[in-house]
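Opening the notebook on this one. I want to see how the pieces pack together, and I'll jot things down as I look them up.

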Amino acid sequence: MTTPTDSVPAPEPAPEAAGTSAPERRSWLRDHSELGVCAMLLALGVLVLTDALTMDVDITQRGPVGPKTVPIVVGIGLLVIAALLAVDVLRGGRGEAEGGEDIDLSEPADWRTVLLLSGIFLGAAALIEPAGFPVAGALLFWGAAFALGSRRVDRDPLIAAVLSLLTYVVFDKLLGVPLPGGPLMGVL
């Protein structure tokens with residue numbers, strides 16, 4: 001027959017006593033880093049709601065559902081998701097690491113591609129007013145294809161130009177969303 005003291009293992013010596021350094025303790029913020037996502041969703045929800053509620057829609061209002069409806073629903077959804085995620089994180093929930101089959105987590109991030117895409121996007125945004133959407137869009141599509149690894153200079157510019165013009169026609173002419181045509185629209 002064993003006594004309760006026989007089944008209790010002897011305590012291990014403290015790491016300092018064994019000659020090793022104490023393990024690093026993770027900070028509370030590091031353990032709850034998902035709260036940063038919650039804060040971002042909260043800020044985005046407040047921004048969307050503020051913008052939607054201050055929108056001037058007297059001219060475009062045609063019935064009970066107007067241009068404010070979708071942004072208000074999206075803003076409320078962002079706030080609800082931020083609150084639910086914060087509650088889950090504070091209760092000990094943790095996000096799982098990415099386990100996609102095409103992602104090698106041991107490789108570092110490809111910052112060159114990220115910076116190239118960011119520069120191309122900002123360049124297209126700067127060019128859209130003076131050069132027009134068809135030119136800026138073609139440069140955006142071609143630049144994104146190049147940044148993501150396509151080196152087909154014989155077909156990529158042509159595909160980008162066709163895609164950009166098609167997008168311009170669909171939005172500007174068919175949907176009635178005015179896009180800047182730029183100086184080339186007078187020629188075409």
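**Entry 1: a serine in a helix**

I started with serine 164, which sits in helix α6. The model I'm looking at is a predicted one. Is serine 164 buried or exposed? I looked up its relative accessible area and got 0%, so serine 164 is buried, given that the cut-off for buried is under 20%. Next I asked what serine 164 touches once residues up to four places away in sequence are set aside. The list came back as Phe133, Pro134, Gly137, Ala138 and Phe141. Those five names turn up again on the α5 side of the contact with α6, and that took me to the helix pair.

**Entry 2: α5 against α6**

Helix α5 covers residues 133-147 and helix α6 covers residues 156-174. I got an angle of about 135° for the pair, with 8 Å between their axes. Angles over 145 would count as roughly antiparallel, so I've put α5 and α6 down as oblique to each other. The crossing of α5 past α6 is right-handed. From α5 the contact takes in Phe133, Pro134, Gly137, Ala138, Phe141, Trp142 and Ala145. On the α6 side I noted Asp156, Pro157, Ala160, Ala161, Leu163, Ser164, Leu165, Thr167 and Tyr168. Sorting the residues of this α5 and α6 contact by class gave me 12 nonpolar, 3 polar and 1 charged.

**Entry 3: a phenylalanine, also in α6**

I stayed on helix α6 and picked phenylalanine 171. Its relative accessibility is 36%, so phenylalanine 171 goes down as partly exposed. Skipping neighbours within four places in sequence, I found phenylalanine 171 in contact with Gly176, Val177 and Leu179.

**Entry 4: α4 against α5**

What is the angle between α4 and α5? I get about 170°, and the axes are 8 Å apart; α4 itself spans residues 111-131. That makes α4 roughly antiparallel to α5. α4 brings Thr113, Leu116, Leu117, Ile120, Phe121, Ala124, Leu127, Ile128 and Ala131 to the contact. α5 answers with Phe133, Val135, Ala136, Leu139, Leu140, Gly143, Ala144 and Ala147. The class count for α4 with α5 is 15 nonpolar, 2 polar and no charged residues.

**Entry 5: the whole chain**

Last, I zoomed out. How many helices and strands are there? The protein has 7 helices and 0 strands. Of its 188 residues, 18% count as buried. Among contacts with a separation of 6 or more, 58% join residues 24 or more positions apart.

I also checked confidence. The average pLDDT is 81, and 74% of the residues score at least 70. Residues 17-23 fall below 50, and that stretch has 5 contacts in the model beyond near neighbours in sequence. Where pLDDT is low, the predicted coordinates should not be read in detail.

Note on methods. Residues are numbered from 1 along each chain as its sequence is written. This is a predicted model: local features need pLDDT of at least 70, side-chain atom pairs count only at pLDDT 80 or more; totals for chains, interfaces and linings use all residues. Side-chain values use heavy atoms; hydrogens and water are left out. pLDDT is the predictor's confidence in each residue, from 0 to 100. Contact means heavy atoms within 4.5 Å. Axes are lines fitted to C-alpha atoms, for helices over the stretch in contact, and angles run from 0 to 180 degrees between N-to-C directions. Helices (H or I, at least four residues) and strands (E, at least two) are DSSP runs, numbered from the N terminus. Angles under 35 degrees count as roughly parallel, over 145 as roughly antiparallel, 65 to 115 as roughly perpendicular and the rest as oblique. A crossing is left-handed if the near helix is turned anticlockwise from the far one by less than a right angle, and right-handed if clockwise. Ala, Val, Leu, Ile, Met, Phe, Trp, Tyr, Cys and Pro count as nonpolar, Asp, Glu, Lys and Arg as charged, and the others, Gly among them, as polar. Buried means under 20% relative accessible area, exposed over 50%, partly exposed in between (1.4 Å probe, protein chains only).
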